[in-house]
Amino acid sequence: MKLTSRYEQTSCRLVLEGLPDLSAGQSSQTIGILTGFSLALAGKTELEGQRDHLQALLNVVLPYARGLISGVARPQGAEDVPVAIRPVDGQHELELRSSQPNTPPLRLPLDDAELSDLVRCLDRLQLDPQVAVPLQWPAPQPLRRSELRHRLPLARRVAAPLTGIAALLVAGVLASLLPTPKPPASAPAAVSTPARGG
Amino acid sequence: MADAPVQPQRSLSRRGLERLDLLLLSAEALDLNGGEAMVWLSEEMGLTDLFPNRVELWKRRCSNPLRRTTRRDRITEAEADGLIRILNALADRLYPMLRSLLSSAEPPQLSEQRWALFRGRLQELLKERFNPRRGGVQRLLDPQEGPQLCRELIQTMALSAGSGGFTRLKASLMDAAA
């Protein structure tokens with residue numbers, strides 16, 4: 001018996017289709033084996049794929065959203081994976097690469113609202129008790145200092161060290177202008193040789 | 001994804017606390033009854049052990065160093081989690097509004113009016129409750145820098161809404177100091 005699970009949020013609709021994995025002791029209402037999924041993003045083509053494509057989608061979209069919530073829009077998705085996402089002109093571009101040779105990748109522009117709709121659909125899928133498909137969910141982690149660094153504008157980042165170096169140079173120049181203390185004018189007093197004791 | 005280890009026992013940093021309180025303030029700017037909604041949601045979610053009344057809830061928010069009257073006592077991890085849960089629920093309630101602010105499909109004039117209304121209310125609340133001598137507050141009030149920072153607040157709230165928003169926002173509030 002085929003089961004479907006739908007997640008809808010304004011501009012995004014994610015539908016999973018599958019079968020219960022009764023051999024794993026799951027209930028007959030739980031999707032344990034994914035036979036396919038479809039993703040419709042407002043005004044764009046409806047995408048269809050298998051478990052690997054869904055895994056690739058959440059592998060890039062969730063870490064991207066995680067960065068964005070900290071104000072860091074970092075491109076996600078290496079050359080050899082089917083899905084990638086990157087910031088483009090204040091928006092986001094989802095790139096879907098076909099496994100067929102000589103097929104150009106499909107690029108879907110998403111605005112902030114459409115991206116958060118997609119993220120909410122994926123979040124709901126993750127916590128849905130009716131879906132037990134083996135998927136790896138990237139856990140959100142705090143960002144390290146190096147990952148946050150480019151958030152500050154360059155001018156503000158280099159301002160403190162540059163001010164320090166400038167202050168040191170000014171102090172050095174001023175110190176070199178100070179007259180060096182002259183040696184005392186009077187000749188040193190003659191030192192008498194001590195009389196030898198008999 | 002960052003490979004920094006999760007430290008579940010760590011409470012929020014000063015910067016994390018500032019952002020969390022600013023996000024709660026943004027929820028109040030979007031919803032005139034936001035303050036009441038926080039108390040109601042706190043009761044609804046069974047957080048009365050952490051925040052028995054509105055004064056305790058207020059006191060926890062006043063651990064934010066950007067406040068005019070700030071409290072020195074550090075907020076515990078359970079209290080921080082409680083506040084993040086409240087924000088998560090508020091963002092969920094306000095999601096249609098957050099979405100319409102972020103959407104590029106809205107008529108530009110209407111969108112600009114909504115942004116102006118939100119920024120105006122947020123600035124009023126900032127002037128009333130926050131210390132205007134702090135750089136973080138001045139940047140939010142700055143006509144050049146403010147709008148972009150306001151957009152970041154709304155985007156953060158939109159991505160904090162819903163079921164997965166709690167862990168995402170908590171991880172973000174625990175970022176290393178920039």
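# Briefing on a predicted two-chain complex

Asn102(A) sits in the loop between E6 and strand E7 (106-110) of chain A, where helices (H or I, at least four residues) and strands (E, at least two) are DSSP runs numbered from the N terminus. This is a predicted model, in which local features need pLDDT of at least 70, side-chain atom pairs count only at pLDDT 80 or more, and totals for chains, interfaces and linings use all residues. Residues are numbered from 1 along each chain as its sequence is written, while chains are lettered from A and ligands numbered from 1 in the order in which they are written. The predictor assigns the complex an ipTM of 0.90 and a pTM of 0.84.

**Loops of chain A**

- Asn102(A) is not a glycine, yet its phi is positive, at about 60°.
- Asn102(A) is exposed, with 5 other C-beta atoms within 10 Å; a residue is buried if 20 or more other C-beta atoms lie within 10 Å of its own, exposed if 12 or fewer, and partly exposed in between, with C-beta atoms placed from the backbone.
- Asp89(A) belongs to the loop between strand E5 (83-88) and strand E6 (91-96) of chain A.
- Asp89(A), likewise a residue other than glycine, has a positive phi near 50°.
- With 7 other C-beta atoms within 10 Å, Asp89(A) is exposed.

**Chain A overall**

- Chain A has four helices and seven strands, in the sequence order β-β-β-β-α-β-β-β-α-α-α.
- The radius of gyration of chain A is 34 Å, whereas a compact globule of 198 residues would have one near 16 Å; the radius is taken over C-alpha atoms, and the globule rule is 2.2 Å times the number of residues to the power 0.38.
- Taken along the principal axes, the C-alpha atoms of chain A fill a box of roughly 125 × 50 × 35 Å.
- Of the 198 residues of chain A, 27% count as buried.
- Among contacts in chain A with a separation of 6 or more, 45% are between residues 24 or more positions apart; two residues are in contact if their C-beta atoms, placed from the backbone, lie within 7 Å.

**Chain B overall**

- Chain B contains eight helices and zero strands.
- Chain B has a radius of gyration of 16 Å, close to the 16 Å that the globule rule gives for 178 residues, so chain B is as compact as a globular protein of that length.
- The C-alpha trace of chain B spans about 45 × 35 × 35 Å along its principal axes.
- Buried residues make up 40% of the 178 residues of chain B.
- For residues at least 6 apart in sequence, 71% of the contacts in chain B join residues at least 24 apart.

**Confidence in chain B**

- The mean pLDDT (the predictor's confidence in each residue, from 0 to 100) of chain B is 90, and 94% of its residues reach 70 or more.
- Helix H3 (residues 54-61) of chain B has the lowest confidence, at a mean of 89, and helix H5 (residues 108-129) of chain B the highest, at 96.
- Residues 1-9 of chain B have pLDDT below 50, and this stretch makes 13 contacts in the model beyond near neighbours in sequence.

**Packing and core**

- The largest nonpolar core has 76 residues, of which Val61(A), Leu20(B), Leu87(B) and Leu98(B) touch the most other members; such a core is a set of buried Ala, Val, Leu, Ile, Met, Phe, Trp, Tyr and Cys residues joined through C-beta atoms within 7 Å.
- H4(B) gives the most to this core, with 13 residues.
- Beyond its neighbours within four places in sequence, Leu87(B) is in contact with Leu20(B), Leu23(B), Leu24(B), Ala27(B) and Ser160(B).
- In H3(B) the buried residues are Leu57(B), Arg60(B) and Arg61(B).
- Those buried residues fall within an arc of 100° seen down the axis of H3(B), so they line one face of the helix; the arc is that of the directions from the helix axis to the C-beta atoms.
- The buried residues of H3(B) pack against helix H1 (14-30), helix H2 (34-44) and H4 of chain B.

**Phe166(B)**

- Phe166(B) lies in helix H8 of chain B and counts as partly exposed, with 19 C-beta neighbours inside 10 Å.
- Not counting residues up to four places away in sequence, Phe166(B) touches Ile84(B), Arg85(B) and Asn88(B).
- Phe166(B) and Ile84(B) are 82 residues apart along the chain, and their C-alpha atoms are separated by 6.7 Å.

**Interface**

- On the chain B side, 28 residues are in contact with 30 residues of chain A.
- Helix H4 (77-102), helix H7 (146-160) and helix H8 (165-173) of chain B are the elements that give two or more residues to this side.
- H7(B) supplies the largest share of the side of chain B that touches chain A, six residues.
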